[in-house]
Amino acid sequence: MTSTTTRLADVATVDTPIGPFTAIVDGDGAVLASGWTAEPGELTSVVHPSLRPGELRERASLGAVTRAILDYHAGDLTAIDTIPVRQHSGEFLLHAWDVLRKVPAGEPVTYTEFAGLSGRPAATRAAANACARNAAALFVPCHRVFRIGGALGGFRWGLPVKRWLLDHEG
């Protein structure tokens, strides 16, 4: 007889100047997914299947994670830096997400520069893919990467949100 355990995670949504922001955290407080939405289902679908929670428990606050979200939007741009994040993928994407966490607020980079920082200077498409597959928006600040020439590129939460974030950090 086999036993299956449903993975439980906590979820909370807070209001920000650019709309509702929802975060899903694992039992130890690591962010599994986050973004500018009030719909947790938009987030669970981007969590790697090995980490995807089967059940979400709604909370009014996620403690340090909620404080970091509110503090960041209020102007403390480093509030997100120490919040743990848990994502799963191949070696390059995991490394690229770690590199993204080191791109300072107010110092965005191009996709080409991000590829170089990630150790694969010719892999601009792979760098862009790391941004596109990032489930933990804000905490893994993929909004800090743009196209050569200054075009914003893509952003799961919309270009107006990306523009606001870059202006907020500038």
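## The largest pocket

The largest pocket of this predicted model holds about 170 Å³ of space. Of the 13 residues that line this pocket, those closest to its centre are C131, A132, G154, F155 and R156. A pocket here is an open set of points on a 1 Å grid over the protein atoms alone, with protein on both sides within 12 Å along at least five of seven lines, and a lining residue has an atom within 4 Å of a point. Grid points are joined across faces, edges and corners, and a volume is the space filled by probe spheres set on the points.

Helix α5 (residues 124–132) supplies the largest share of the pocket lining, 3 residues. Helices (H or I, at least four residues) and strands (E, at least two) are DSSP runs, numbered from the N terminus. By residue class, the lining divides into 8 nonpolar, 3 polar and 2 charged. Ala, Val, Leu, Ile, Met, Phe, Trp, Tyr, Cys and Pro count as nonpolar, Asp, Glu, Lys and Arg as charged, and the others, Gly among them, as polar.

## Cysteines

The structure holds 0 disulfides, a disulfide being a pair of cysteine sulfur atoms within 2.5 Å. C131 is in no disulfide, and the nearest cysteine sulfur, that of C142, is 5.4 Å away. This separation is too far for a bond.

C131 counts as buried at 9% relative accessibility, and C142 is likewise buried, with a relative accessible area of 7%. Buried means under 20% relative accessible area, exposed over 50%, and partly exposed in between (1.4 Å probe, protein chains only).

## The largest cavity

The model contains 1 cavity of 30 Å³ or more, a cavity being a set of grid points where a 1.4 Å probe fits but cannot get out. About 40 Å³ of space lies in the largest cavity. I80, D81, R101, F139, P141 and R144 line this cavity, and they divide into 3 nonpolar, no polar and 3 charged residues.

## A strand hairpin

Strand β2 (residues 19–25) pairs with β3 in the antiparallel sense over 4 bridges; two strands pair if DSSP finds at least two bridges between them. Within this pairing, T22 stands opposite G35 in β3. The two strands form a hairpin with 5 residues between them, and G29 in the turn has a positive phi of about 90°. Strand β3 (residues 31–35) is mostly covered, with 5 of its 5 residues buried.

## Basis of the values

Residues are numbered from 1 along each chain as its sequence is written, and side-chain values use heavy atoms, with hydrogens and water left out. In this predicted model, local features need pLDDT of at least 70 and side-chain atom pairs count only at pLDDT 80 or more, while totals for chains, interfaces and linings use all residues.
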